Amino acid sequence: MKRYFSVPLVTGAIFAVFSSCSKPDQVEPQEPLPSLYELEKIRYYEAVPASMDTLILKLKGGSVSNAGEGFSTQTFESSFEELTKTSLFEITNKPALPADVKLETLAVSVPERWQGNEAYAYFPEKFALHSAEQQKPYGAYRKETLSIKVPPKSAISVDRQIEAYRLTCSFTAVLVNKTTGQQFPVSGYWKGISHYNNASIKLTQRSLDAK
């Protein structure tokens with residue numbers, strides 16, 4: 001007599017367990033790294049429109065006096081604190097640059113001395129690549145003490161001035177995306193006071209008795 005045995009069907013359940021364990025891990029998308037930009041290979045040179053204008057700047061003066069009967073030596077201290085270095089950039093190829101670059105956050109050296117048709121010396125402090133004029137103390141001149149011999153019953157007026165050189169020139173640079181390595185040419189104009197020179201003092205005497 002044949003006997004039949006029933007076997008429980010668990011194959012489907014086992015398959016389901018293995019199927020659930022074999023699902024691949026889900027990888028969350030990573031946000032791209034923010035771009036970091038730097039300006040390299042900046043060059044200032046003479047091109048149209050380029051000019052060097054000389055301006056006469058009046059400096060703070062003063063006077064010394066002597067109400068006595070004999071000559072008197074007076075001292076006059078002159079400073080150059082009012083001198084400023086100015087800088088303004090005009091970018092002519094801005095549409096060709098990356099949309100996420102903030103040019104005003106990039107600091108660069110600016111011209112101070114000019115030889116031939118390009119800059120050869122630069123101001124010690126850097127300026128932002130900004131279209132609004134910036135100013136910083138020039139700081140290249142120290143205070144001076146002048147000894148003035150004043151005649152009796154006289155006053156001497158001290159008038160001071162200096163030449164300011166305002167430069168307009170072309171510039172080129174390379175904008176580098178330090179994150180991706182991409183490079184973009186930058187071009188435009190720079191305008192500002194490049195330097196000062198030829199400070200001078202004029203002394204004018206007048207009588208204290210003059211009405």
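# Rings, cores and strands in a predicted model

Student: Which ring does the charged end of Arg160 sit over?
Tutor: The charged end of Arg160 sits over the ring of Phe80, 4.9 Å from its centre. The criterion is NZ of Lys or CZ of Arg within 6 Å of the ring centre and within 35 degrees of the ring normal.

Student: And Lys149, which face does that lie over?
Tutor: Lys149 lies over the face of Phe71, 5.4 Å from the ring centre.

Student: Ground rules, please.
Tutor: This is a predicted model: local features need pLDDT of at least 70, side-chain atom pairs count only at pLDDT 80 or more, and totals for chains, interfaces and linings use all residues. Residues are numbered from 1 along each chain as its sequence is written, and side-chain values use heavy atoms, leaving out hydrogens and water.

Student: How much is buried?
Tutor: Of the 211 residues, 30%. Buried means under 20% relative accessible area, exposed over 50%, partly exposed in between (1.4 Å probe, protein chains only).

Student: Which residues touch the most other members of the largest nonpolar core?
Tutor: Tyr44 and Leu175, in a core of 31 residues. A nonpolar core is a set of buried Ala, Val, Leu, Ile, Met, Phe, Trp, Tyr and Cys residues joined through side-chain atoms within 4.5 Å. The elements giving two or more residues to this core are β1 (37–45), β4 (84–91), β11 (154–177) and β12. β11 gives the most, with seven residues. Another core lies apart from it, of six residues, including Val64 and Phe76.

Student: Now aromatics. How many pairs does the structure hold?
Tutor: Nine aromatic pairs. Rings of Phe, Tyr and Trp (its six-membered ring) pair if their centres lie within 6.5 Å; planes under 30 degrees apart count as stacked, over 60 as edge-to-face and the rest as tilted. Tyr44 and Trp190 form an edge-to-face pair, at 6.2 Å centre to centre and 75° between the planes. Tyr44 is in strand β1 and Trp190 in strand β12, so the pair ties together parts 146 residues apart in sequence.

Student: Is Trp190 buried or exposed?
Tutor: Trp190 is buried, at 0% relative accessibility. Tyr44 is buried too, at 0%.

Student: What joins the side chains of Ser87 and Trp190?
Tutor: A polar contact of 2.8 Å. That term means a pair of N or O atoms within 3.5 Å; within protein, one must be able to donate a hydrogen and the other to accept it, and residues adjacent in sequence count only if both atoms are side-chain atoms. Ser87 is in strand β4 and is buried, with a relative accessible area of 0%.

Student: What does Ile201 touch?
Tutor: Leaving out residues up to four places away in sequence, Ile201 touches Leu146, Val158, Asp159 and Arg160. Contact means heavy atoms within 4.5 Å. Ile201 and Arg160 are 41 residues apart in sequence, yet 4.5 Å apart in space, C-alpha to C-alpha. Ile201 is in strand β12 (residues 183–207).

Student: Last topic, backbone. What is phi of Asn198 near?
Tutor: Near 60°, a positive value in a residue other than glycine. Most residues other than glycine have a negative phi. Asn198 is in strand β12 and is partly exposed, at 43% relative accessibility.

Technical notes
Helices (H or I, at least four residues) and strands (E, at least two) are DSSP runs, numbered from the N terminus.
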